[in-house]
Amino acid sequence: MKRIILFLGTNLAVLLVLNITMNLLGVGRYLTANGIDPAALLVFAAVLGFTGSFISLLMSKWMAKASTGARVIDPQAPRDRREAWLVATVHQLADKAGIGRPEVAIYEGAPNAFATGAFRNDSLVAVSTGLLSSMTEEEVAAVLGHEVAHIANGDMVTLTLIQGVVNTFVIFLSRMVGYVIDRAVLKNDRDIGMGYYASVFVCEILFGVLASIIVAWFSRQREFRADAGSAHLLGAREPMIRALARLGGVEAGELPKSLAASGIAGGGIGALFASHPPIEQRIEALRRQTA
């Protein structure tokens, strides 16, 4: 909770500084004189930017189950030894990480796994049948440790907050640029013209690309932290290193877009947009980690 409050406070401060800077530079007065209220626009952008992100987060468990067909294992009545082991392992790791015991699920598909959920004490860890059949129990345990570390680190919530912040700036800056181009460049002194709408459309694409790079960078950093978290929970680096090496030798299963950043493995278009670092870099980072 402290981490979330600090993060929100920091970004609210950034928004406040941006607003003050605009006023000091006279941008705020210029916009106000032309019928634009920067403060109101900033509030509008923040509400719009964060709402979608938080709705997705709150619905994440339901969406994950529906989109992957994941079946939650009844901890009181697992179907077989494998399911009983999965539940017991996730619960042991969760207890060690100091979080509530997640739901544990299995879904049909190529090797992959993910964790999701809006709350540390009400989350979901799911593994694919392909991952279970291609790894040893020790390697699977390392993957489960990686997913539990994501939950313990609050990665789902923090990624949602970051997405909300960048969404806010994309919406705000796109409309600011649109107003300036429409009034100052195209000299439209009447109602909002086509220049505004065209500028906003183009700017949202351009700023959205930049925002995606920022979000992808954070996603890659959290993968390194989750790998290290798995090593800490298991008390050794080798199981996670072997699990990553195994993943590097198979074609990882694709997850729905909403879950792509949550998987144990993932990709992206080019290095800047990748949600996960290359397997080789993750293994090297673990090897450099202090035992």
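Student: In this predicted model, are Tyr107 and Phe114 buried or exposed?
Tutor: The structure is a predicted model. A residue is called buried if its relative accessible area is under 20%, and exposed if that area is over 50%. Tyr107 and Phe114 are both classed as buried.

Student: How many aromatic pairs does a search of the whole structure find, and what is the arrangement of Phe50 and Phe54?
Tutor: The search covers the whole structure and finds two aromatic pairs. Phe50 and Phe54 form a pair whose ring centres are 6.0 Å apart, with 25 degrees between the planes. Planes under 30 degrees apart count as stacked. The arrangement of Phe50 and Phe54 is therefore stacked.

Student: In which helix do Phe50 and Phe54 lie?
Tutor: Phe50 and Phe54 are four residues apart, which is about one turn of the helix. Both lie in the helix of residues 38-58, namely α3.

Student: How is Phe54 classed by its relative accessibility?
Tutor: Phe50 has a relative accessible area of 17% and is buried. Phe54 has a relative accessibility of 30%, and therefore it counts as partly exposed.

Student: What is the arrangement of the aromatic pair formed by Tyr107 and Phe114?
Tutor: The ring centres of Tyr107 and Phe114 are 5.7 Å apart, and their planes are 40 degrees apart. Planes under 30 degrees apart count as stacked, and those over 60 as edge-to-face.

Student: What accessible area does the nonpolar surface patch containing Leu206 have?
Tutor: Leu206 lies in helix α9 (residues 194-234) and is exposed, with a relative accessible area of 53%. The patch is formed by Phe201, Val202, Ile205, Leu206, Val209, Leu272 and Phe273. Together these residues have an accessible area of about 660 Å².

Student: Which elements give two or more residues to the lining of the largest cavity?
Tutor: The structure holds one cavity of 30 Å³ or more, and the largest cavity has a volume of about 40 Å³. Its lining includes Gly117, Ala118, Phe119, Asp155, Met156 and Val157. The elements that give two or more residues to this lining are β3 (113-119) and α8 (155-185).

Student: Which residues are linked with Lys61 and Asp122 in a network of salt bridges?
Tutor: Lys61 counts as buried at 14% relative accessibility, whereas Asp122 counts as partly exposed at 40%. The network joins Lys61 and Asp122 with Lys65 and Glu103.

Student: Which helices do Glu139 and Arg246 link?
Tutor: The side chains of Glu139 and Arg246 meet in a salt bridge of 2.9 Å, N to O. The two residues are 107 residues apart, and the helices that they link are α7 (residues 137-152) and α10 (residues 238-248).

Student: What is the relative accessible area of Arg282?
Tutor: Arg282 forms a salt bridge with Asp227, the closest N and O atoms being 2.8 Å apart. Asp227 lies in helix α9 and Arg282 in helix α11, so the pair ties together parts 55 residues apart in sequence. Asp227 is buried, with a relative accessible area of 1%. Arg282 is buried, with a relative accessible area of 1%.

Note on methods
Residues are numbered from 1 along each chain as its sequence is written. This is a predicted model: local features need pLDDT of at least 70, side-chain atom pairs count only at pLDDT 80 or more; totals for chains, interfaces and linings use all residues. Side-chain values use heavy atoms; hydrogens and water are left out. Rings of Phe, Tyr and Trp (its six-membered ring) pair if their centres lie within 6.5 Å; planes under 30 degrees apart count as stacked, over 60 as edge-to-face and the rest as tilted. Buried means under 20% relative accessible area, exposed over 50%, partly exposed in between (1.4 Å probe, protein chains only). Patches are made of residues with over 30% relative accessible area and no salt bridge: like charges are joined within 9 Å, nonpolar side chains (Val, Leu, Ile, Met, Phe, Trp, Tyr) within 5 Å. Accessible areas come from the Shrake-Rupley method with a 1.4 Å probe; for residues, only the protein chains shown count as cover. A salt bridge is a side-chain nitrogen of Lys or Arg within 4 Å of a carboxyl oxygen of Asp or Glu. On a 1 Å grid over the protein atoms alone, a cavity is a set of points where a 1.4 Å probe fits but cannot get out, and a pocket is an open set with protein on both sides within 12 Å along at least five of seven lines; lining residues have an atom within 4 Å of a point. Grid points are joined across faces, edges and corners, and a volume is the space filled by probe spheres set on the points.
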